[in-house]
Amino acid sequence: MAFTINRNMTRWIIIVASFIIISLILWNTYVFFQNFKAEERSKMEITSFAQRDIFKAIEQSEINNSDDILADLDLAWKILDNNNTTPMILMNGDSTASTFRNIITKTEVDSIHAIKESKYVDENIKLLISQYGKENKPIKIENTNQTIYYGNSSLLNKLKYYPLALLLIILLFAAVAYFFYKSTKTADQNKLWTGMAKETAHQIGTPLSSLVGWTEILRGENVNPDYLVEIEKDITRLQIITDRFSKIGSLPTLKRCDIVKETIESYDYLKSRSSKLIDFEISAPQEKLYVNLNDQLFSWTIENLVKNAIDAMKGRGALKLVITNDDKYVKITVEDTGKGISKQSYNSVFQPGYTTKKRGWGLGLSLAKRIIEDYHNGKIKVLNSEIGKGTTMQISLKLIA
């Protein structure tokens with residue numbers, strides 16, 4: 001018990017630690033993105049100062065009719081030339097574009113023939129300005145009527161999707177952790193009730209052997225033979241039940257069986273030992289239908305379905321078993337007139353521990369599902385159900401020659 005608790009604690013520590021590490025990576029990536037974005041804005045602000053100096057120098061050059069002033073702008077030109085990653089548009093006060101940088105114009109595209117993800121500034125200037133305005137706050141150049149609109153660099157555009165990728169990793173990790181936990185829990189449950197089943201078979205075996213001996217003694221005491229016949233039937237039944245429990249948790253042996261015969265025998269046995277207020281009915285084909293079957297476990301499944309139906313009807317109603325077949329499968333349906341179940345519970349009824357009875361363990365249908373689907377590669381499902389009117393369960397098994 002202590003080992004199990006420690007193992008569960010270790011598992012949760014690993015899961016929580018993993019979430020913390022991934023969250024820290026995500027947060028650091030976000031911080032890096034913001035810092036990188038701030039660096040780009042700082043670079044664009046420096047670009048605006050250089051653009052301002054160049055603009056003023058050009059004005060002074062035109063006034064003085066001299067190019068000497070332009071000769072002192074090496075630093076400003078160098079700043080502009082070094083910006084080879086951030087796309088920008090320099091807009092004049094009359095809403096006309098003055099300069100483009102790191103944006104491919106239509107003329108340039110025509111000369112290069114084809115460039116992927118090209119931006120045609122000649123045709124999409126308004127669209128680009130709107131896009132850049134949303135990505136970054138425009139920079140007004142001091143003492144001019146010009147404004148710089150700039151977008152995110154290609155590196156920044158790639159980086160902004162990185163947190164989404166990490167978030168996706170977190171979700172995938174959470175899904176893996178959930179399925180791992182669920183499968184581990186299911187495995188633990190299977191081990192538990194497998195052990196309980198084998199222990200039950202062992203415990204029943206001892207008094208059952210004693211009953212067989214007492215039956216032989218009674219036979220020599222001139223007891224009414226009819227009594228002995230009934231006692232022997234119940235002893236045989238207990239032996240079958242013991243054998244069923246012993247098979248849980250191990251791979252059962254399947255053999256070619258007539259499923260019509262096996263189903264009718266199980267159904268008739270329950271019919272003779274159930275309330276006379278239940279109207280039993282069976283519809284089955286006359287020909288034999290063969291499937292790979294473990295007759296004892298299959299009989300257990302039929303019993304579970306019939307007993308569940310009887311419980312749902314509270315011992316009073318109509319119960320019908322129908323066997324049909326097509327070219328590939330035989331289908332067995334068990335119909336009752338009980339209280340029914342909601343559509344939301346169609347899958348839940350097969351989960352271990354699910355029950356609507358005050359004194360139920362919720363293992364009957366779970367066991368039936370395991371026997372049919374895991375051991376016989378078949379299908380079992382709630383075919384249909386209506387609250388207050390009844391439920392129809394269906395088993396499907398593959399036919400063999």
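Partly exposed describes a residue whose relative accessible area falls between the buried limit of under 20% and the exposed limit of over 50%. The model shown in these views is predicted.

**View 1. Phe32 and Phe36 form a tilted aromatic pair.** A search of the whole structure finds 2 aromatic pairs, and the pair of Phe32 and Phe36 is one of them, with 6.1 Å centre to centre and 40° between the planes. Helix H1 (residues 2-64) holds both Phe32 and Phe36. They are 4 residues apart, about one turn of the helix. Phe36 has a relative accessible area of 23%, so Phe36 counts as partly exposed. Phe32 is also partly exposed, with a relative accessible area of 46%.

**View 2. Tyr267 and Phe280 form an edge-to-face aromatic pair.** The ring centres of Tyr267 and Phe280 are 5.7 Å apart, with 75° between the planes. This pair links distant parts of the chain, 13 residues apart: Tyr267 belongs to helix H8 (residues 259-272) and Phe280 to strand E6 (residues 278-283). Tyr267 is buried, at a relative accessible area of 1%. Phe280 counts as buried too, because its relative accessibility is 11% and the limit is under 20%.

**View 3. Arg256 lies over the face of Tyr290.** The distance from Arg256 to the centre of the Tyr290 ring is 3.7 Å.

**View 4. The charged end of Lys369 sits over the ring of Phe350.** Here the charged end of Lys369 is 5.4 Å from the centre of the Phe350 ring.

Note on methods. Residues are numbered from 1 along each chain as its sequence is written. This is a predicted model: local features need pLDDT of at least 70, side-chain atom pairs count only at pLDDT 80 or more; totals for chains, interfaces and linings use all residues. Side-chain values use heavy atoms; hydrogens and water are left out. Rings of Phe, Tyr and Trp (its six-membered ring) pair if their centres lie within 6.5 Å; planes under 30 degrees apart count as stacked, over 60 as edge-to-face and the rest as tilted. Helices (H or I, at least four residues) and strands (E, at least two) are DSSP runs, numbered from the N terminus. Buried means under 20% relative accessible area, exposed over 50%, partly exposed in between (1.4 Å probe, protein chains only). A charge sits over a ring if NZ of Lys or CZ of Arg is within 6 Å of the ring centre and within 35 degrees of the ring normal.
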